[in-house]
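Subject: Structure handover

Hello,

Here is the structure I promised to pass on. Please open it first, then read my notes below with the model on screen.

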Amino acid sequence: MPQTPSEAEIAAITQATHGDVFAILGPHPLHDGSGRVELRVFRPDADRVTVIGPDGVERLDLPRLHADGFFAGTLSAEQAAGYRLRLSHGNDRWEIEDPYCFPPILGEMDQYLLGEGRHWRSYEKLGAHPDVIDGVAGVRFAVWAPNARRVSVVGDFNGWDGRMHVMRLRLGSGIWEIFVPGVAEGAHYKYEILDAGGYLLPLKADPHALAAEFRPATASIVARINHHAWQDKDWLAKRAARNARTAPISIYEVHPGSWRRPGHGGYLNWRDLAGQLVPYVKEMGFTHIEVMPVHEHPFDGSWGYQALGLFAPTSRFGTPADFQAFVDACHQAEIGLIIDWVPGHFPTDAHGLYEFDGSHLYEHADPRQGYHPDWNTAIYNFGRNEVTNFLISNALFWLRHYHIDGLRVDAVASMLYLDYSRKEGEWIPNRHGGRENLEAIDFMRRMNALVYGTEEGQGGGAITIAEESTAWPGVSQPAHAGGLGFGYKWNMGWMHDTLKYMQRDPIHRRHHHSDLTFGLLYAFSENFILPLSHDEVVHGKGSLLARMPGDDWQKFANLRAYFSFMWTHPGKKLLFMGGEFAQGREWNHDGQLDWHLLDDHGGGHWHRGVRDLVRDLNHLYRDTPALHERDCEGEGFRWIKGGAAEESVLAYSRHGFAEGAAAVTVVNFTPVPRQRYRVGVPLGGVWREALNSDAAAYAGSGIVNPQPVQAQALPWDGQPFSVEIALPPLAGLVLLPA
């Protein structure tokens, strides 16, 4: 602009309605051949603006052209070189760097990749990042808001005044950016957005913020995520083997806010959890911890599944460095850390992603595509490059910067089907007239390919897990083979069928034997995880223990038998916290688990018995190749007694890769003990009882087989050999070759 702005343009600056403030503010060469520069400054908090040199010597008082704080004056090129601004208001005086003298931040390639949806490190460019530009320290801010008329960054560094730091729009990409000198780590900020119609939106948190305020406050926080010195190199080197289909994987699912609570109330910090939870999980023999969503979320009651700060570990449990220290502690204890990740929906809180720039930016505009009736939330628009880029970049972010070992993806079915939870006429078919969400499918395949592949250097053994409850084929098959590309899938069918069976009175179980055996018809169609998750102990379902039939003794015995069946059944394992010691009541996220049940009173021995059984099952599962090496292969399982419905007994063998690597499980789902019970075994020689859930050590009745037993060359149950054992009531036992 060759001349001083017009009164209308100055008024637009003072009213924060101008859409291109960098064309007005800052230094601008005059096009009159003089080589002079007109410097324009808008500072409503100052009544005097003086240009000073690097040495602090005053060069020029800028004339005030508008009462609201618009100043402008001309300088020689020499006077303008390296200038700073000295501001005065009454007796106060302070100095600043001019934010409008800095060049654009984003490069052309960054804008191109963001628009193409292939910028897998978008969080390095968008969001708030401490930086040094031209020798000046500050923070660069960038946010995608293509339909906004004006975007400002506001915070505790400018009095939350949207007139102070209006951002530059990068045409074509829709990204607004600014470098604000003097701002540092720890500053609180949001974005003030004027939509296309001139309406001022509620202040928006930064979608790419790396930290956020403790709820109910909602500001974003300028943060670095490089403060932690990682000590897990050895773990990362062997992670791929620890996450493999052939490895023992037993997952302890945790809600970090209610596992334990400090005596004074509030929450344990991540470092507290590192000192308490990690040793507990190690002792219990679990191989992995899965934490329910750690992303910043506004409502405690969503348990994190309605997240808004996808790049920010929730401030409920500490800082980003605290969470990194927790992950590191897991790894040093040789425990993998999986986080729940929710790309299926997001809440509509005013400070969040919903109608971010006044338009349906992240979500579909049509509620038949963009509204989730189950959770009263919005649905991401998977057909928009920038949105899928945001999500995929986020997935890779957690793997790269927090060393996460796996992403358990929530509610996959809700993304796969356009008619999910919708009646006829409430959804829009895809371009072929079908119900499949083709864009969401492409998104998941690309995300999984990047996690498992090497395009972004992510091929380091991390895994993805789908919570998917339908018969969609190939969920855990590679994308290039037509699958969705997940590493594992929750076996929801197994969970529903077997829990339904266990809730029945044993006298009726013989009529429902198929509830236990049906899962083996499809057990190897996917890489399955057997989940007894938080979903099974909420919303009136009661605890696992409460769902078992009979008196107290029978309830505990039933649960022990069920766990014995689960831990020896094909598939990796997952158990929600509290289940390992048979918590009696339904999970409550507002309190801690009922650890007092393990004390020496009443039925404390029963709860300790279940806890000790789960511990021993974990160690047996890990130490016995036959029980884990072929979890996902049909060659690893053979029925011995699959049809003994009248007895309500199951017997089966598990097999590893090595010759002779075998284990036999026998489970009695009735309260009737059976002495001298003959069962077939696949090998001759001596067999020993490696575990018996009825042992007195587990608060059982003590009907065990303490002595090894010699297999007889007497074919039985379709096996070439057989043994005679005592089969306890409501119990499972595991036999191993001696």
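Of the 738 residues in the protein chain, 60% count as buried. Keep in mind that this is a predicted model.

Some overall figures come next. The protein chain has 14 helices and 35 strands. Its C-alpha atoms fill a box of roughly 110 × 60 × 45 Å along the principal axes. The chain exposes about 27200 Å², and carbon and sulfur atoms supply 51% of that area. Now look at contacts with a separation of 6 or more: residues 24 or more positions apart account for 70% of them.

Next, a sheet to find on screen. In what order do its three strands run? The order is β11-β14-β15, in an open sheet with antiparallel pairing. β11 and β15 stand at the edges, each with a single partner strand, so one side of each has no neighbour in the sheet. As background, strands of a sheet pair through backbone hydrogen bonds, either parallel or antiparallel.

Go to strand β14, residues 188-195. This strand is mostly covered, with seven of its eight residues buried. Strand β11 covers residues 148-155 and pairs with β14 over seven bridges. You can pick out two of the partners by eye. A148 has D195 in β14 as its bridge partner. V153 has Y191, also in β14. On to strand β15, which is residues 220-221. β14 and β15 are joined by two bridges, again in the antiparallel sense. Here Y189 stands opposite S220 of β15.

Now follow the chain from β14 towards β15. L203 lies in the loop between these two strands. Is L203 buried or partly exposed? L203 counts as partly exposed, because its relative accessibility is 29% and buried would mean under 20%. Leaving out residues up to four places away in sequence, L203 touches V154, W160, K190, Y191, E192, A350 and H351. L203 and D594 are 391 residues apart along the chain, and their C-alpha atoms are separated by 41 Å.

Then turn to the aromatic rings. The count comes to 46 aromatic pairs. One of them is Y362 with F390, and this pair is edge-to-face. The ring centres are 5.3 Å apart, with 65 degrees between the planes. Where do the two residues sit in the chain? Y362 is in the loop between β20 (336-341) and α7 (367-370), while F390 is in helix α8, residues 385-401. They are 28 residues apart, and the pair links distant parts of the chain. Both Y362 and F390 are buried.

One last stop is G493. This residue is found in helix α11, residues 492-502. G493 is partly exposed, with a relative accessible area of 32%. From G493 to D328 the C-alpha distance is 34 Å. In sequence, G493 and D328 are 165 residues apart.

Best wishes

Methods: Residues numbered from 1 in each chain as written. Predicted model: local features only at pLDDT ≥ 70, side-chain atom pairs only at ≥ 80, totals over all residues. Heavy atoms only, no water. Helix = DSSP H or I, 4+ residues; strand = E, 2+ residues; numbered from the N terminus. Buried < 20%, exposed > 50% of the residue type's maximum accessible area, 1.4 Å probe, protein only. Contact = heavy atoms within 4.5 Å. Areas by Shrake-Rupley, 256 points an atom, 1.4 Å probe, with all protein chains shown as cover. Pairing = 2+ DSSP bridges. Phe/Tyr/Trp six-rings, centres within 6.5 Å; stacked < 30°, edge-to-face > 60°.
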